[in-house]
Amino acid sequence: MDEAHQLNIWEGYVDWKNKPAKRGLHGGMLAASFVLVVEILENLAFLANASNLVLYLSRFMHFTPSSSANIVTNFMGTAFLLALLGGFLADAFFTTYHIYLISAAVEFMGLLILTCQSHIHSLEPATCLKTNASTLCQEVNGQNAVILFAGLYLVALGVGGIKGSLPAHGVEQFDETTIQGRKQRSAFFNYFVFCLAFGALIAVTIVVWVEDNKGWKWGLGISTATILISIPIFLLGSPFYRSKVPAGSPITTMFKVLAAAIYNKSKPRTSSNAVIGTETSSSPRTETSNGEDTNTKEMGPSQNPREGLTFLNSALTKKPIHPMLQCTQQQVEDIKIVLRIIPIFMSTIMLNCCLAQLSTFSVQQAATMNTKIGSTIVPPASLPVFPVIFIMILAPVYNHIVAPFARKVTKTEMGITHLQRIGMGLLLSIIAMAVAALVEIKRKRVAAELGLTNSTKPLPITFLWVALQYLFLGSADLFTLAGMMEFFFNEAPLSMRSLATALSWASLAMGYYLSSVLVSIVNGITSAYRHTPWLFGSNLNHYHLERFYWLMCVLSGLNFLHYLFWASRYKYRSTWPMN
């Protein structure tokens, strides 16, 4: 009876009441479907404001275009970087279930503060009418600025926690020891990106239209209500969820192994601190929920030889100088995996720096152009609708047509590898920046030819030209984000999978920060050689944005070569054969 009971339990997982999760009752596609619905609502609430925030800051809070762009990139960067905190807490101390609920409540508080500020005129700067593009208005300051940034960064904290826990919570619902479970897990990542896009579609169409035509207070109110609604919907799935039991801080383990390796390497070799030989078994191995290795014959993945980073083997000694520095072979191998992942992670930051332009300069470009399609005026912040629709079409096509075809051709479960998907995204980002530079040259030529350089009137050139760079970068985002999330989750040790999945969002964060740094560096260098910097002032027509985009194109090309260097040398932790 005990054995039958044990077979019915998901080892290492608990339900929402913190009791052992049961097979057949907890986990599976039904549980994951609640996560997908919640992601639509969560991303809607976040992007409804983020996509239009640069215009809100410049028009209502009276920041300059470059200041608005930097505030947005810093806000977005902080939100995504805090995903690491959410992932860390989910792995170490709490479950992904609890981290989501806490984070959603924090985001709701931040949105509520911003909504109240938009309703109360005394909390906004005085109204300022611009007579021409060079007119400067008084920026929001003092107490009102504190309220604005407190609301923004509470939202950032909540979004970070959600991004760091919700994807991992969805993926935890699948049994990776079966072919069906692994295929469902791969499909989940594709449909997670689909749901991101679906939420973004509603955000950049309906909600952005409301913000531009009915007022920001209504747009913020919709976002606040949406994130509030997402909480009970998430709770409806509670009886079906299974959550991984927190395994303690993976960061502590990393530092322990590194400290032990460095200390033992610096000491003369004796019989007491001799390095223990590492095992080299040819039989397939897989991790249990406790992080231990167990031999498997049918269900386990075939492991590649664990070569390289041999200096970490010094952490394995018979008698460590202190019990706290006692390391197991599994811990050492886990840290090797993490260190191998880092160069791939670093290579994706430049692509996300390019993506940062979609919510800053690209929106401002579109705002100076003719935004009519027929008789309909399209808000500039609705430009992302083009890549969003493309992603919503491409995600199911990839999952149901491209991936199965690739599996048949390659006779592997992955079909197209994660690193190949990431590489395709990086290549598309190079093309996108070249297109962006050419479009900006065309836009400025029209302004100069018609004498509208100093005018605030829309230029007689359709904003659909800007949509081209959105299309290429949107495609790059689909390939790279889904590839990154699945790559980091699959390759990471079991004890730090939430944290590893959050690396996808951390890459976005660093991309946004890098964008701000590049703008500052470019302005600093160009101001030293010219009277005015490339990206400064309140009139976008006086910017040299096309030169900035060419710089991004060159940097993206160099980054792609850097990526190829590491990707071509990377050995997957495990490769599942087709049965």
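**Figure 1. Overall composition of the chain.** The chain contains 18 helices and 11 strands, where helices (H or I, at least four residues) and strands (E, at least two) are DSSP runs numbered from the N terminus. This is a predicted model, in which local features need pLDDT of at least 70 and side-chain atom pairs count only at pLDDT 80 or more, while totals for chains, interfaces and linings use all residues. Residues are numbered from 1 along each chain as its sequence is written, and side-chain values use heavy atoms, with hydrogens and water left out. Of the 579 residues, 55% count as buried (buried is under 20% relative accessible area, exposed over 50%, partly exposed in between; 1.4 Å probe, protein chains only). The chain exposes about 24700 Å², 67% of it supplied by carbon and sulfur atoms; areas come from the Shrake-Rupley method with a 1.4 Å probe, and for residues only the protein chains shown count as cover. Among contacts (heavy atoms within 4.5 Å) between residues at least 6 apart in sequence, 82% join residues at least 24 apart.

**Figure 2. Strand β1 and its two partners.** Strand β1 (residues 9-14) pairs with β2 in the antiparallel sense over two bridges; pairing requires that DSSP finds at least two bridges between the strands. The two strands form a hairpin with five residues between them, and Asn-18 in the turn has a positive phi of about 70°. β1 also pairs with strand β3 (residues 243-244), again antiparallel and over two bridges. Val-14 takes part in both pairings: its bridge partner in β2 is Pro-20, and in β3 it is Ser-243.

**Figure 3. Salt bridge between Arg-23 and Asp-175.** The side chains of Arg-23 and Asp-175 meet in a salt bridge at 3.9 Å, N to O (a side-chain nitrogen of Lys or Arg within 4 Å of a carboxyl oxygen of Asp or Glu). Arg-23 lies in the loop between β2 (20-22) and α2 (29-50), and Asp-175 in the loop between α7 (142-171) and α8 (179-213), so the pair ties together parts that are 152 residues apart in sequence. Arg-23 is partly exposed at 38% relative accessibility, whereas Asp-175 is buried at 17%. By the same rule, the count comes to six salt bridges.

**Figure 4. Salt-bridge network of Glu-39, Glu-42 and Lys-163.** These three residues are linked in a network of salt bridges. In the bridge between Glu-39 and Lys-163, the closest N and O atoms are 3.3 Å apart. Glu-39 lies in helix α2 and Lys-163 in helix α7, so this pair ties together parts that are 124 residues apart in sequence. Lys-163 also meets Glu-42 at 3.1 Å, N to O. Glu-42 lies in helix α2, so its pairing with Lys-163 in α7 joins parts 121 residues apart in sequence. Glu-39 is buried; Lys-163 is buried with a relative accessible area of 2%, and Glu-42 is buried with 0%.

**Figure 5. Surroundings of Ser-498.** Ser-498 is located in helix α17 (residues 497-529) and is buried at 2% relative accessibility. Not counting residues up to four places away in sequence, Ser-498 touches Gly-87, Ala-90, Asp-91, Thr-96, Gly-164, Ala-168 and Glu-172.

**Figure 6. Nonpolar cores.** A nonpolar core is a set of buried Ala, Val, Leu, Ile, Met, Phe, Trp, Tyr and Cys residues joined through side-chain atoms within 4.5 Å. The largest has 140 residues, and Phe-46, Phe-75, Phe-361, Leu-419, Trp-505, Leu-535 and Phe-548 touch the most other members. Leaving aside neighbours within four places in sequence, Phe-75 is in contact with Phe-46, Ala-50, Leu-53, Leu-152, Tyr-153, Val-155 and Ala-156. A second, separate core of 15 residues includes Val-257, Ala-260, Ile-335 and Met-496.
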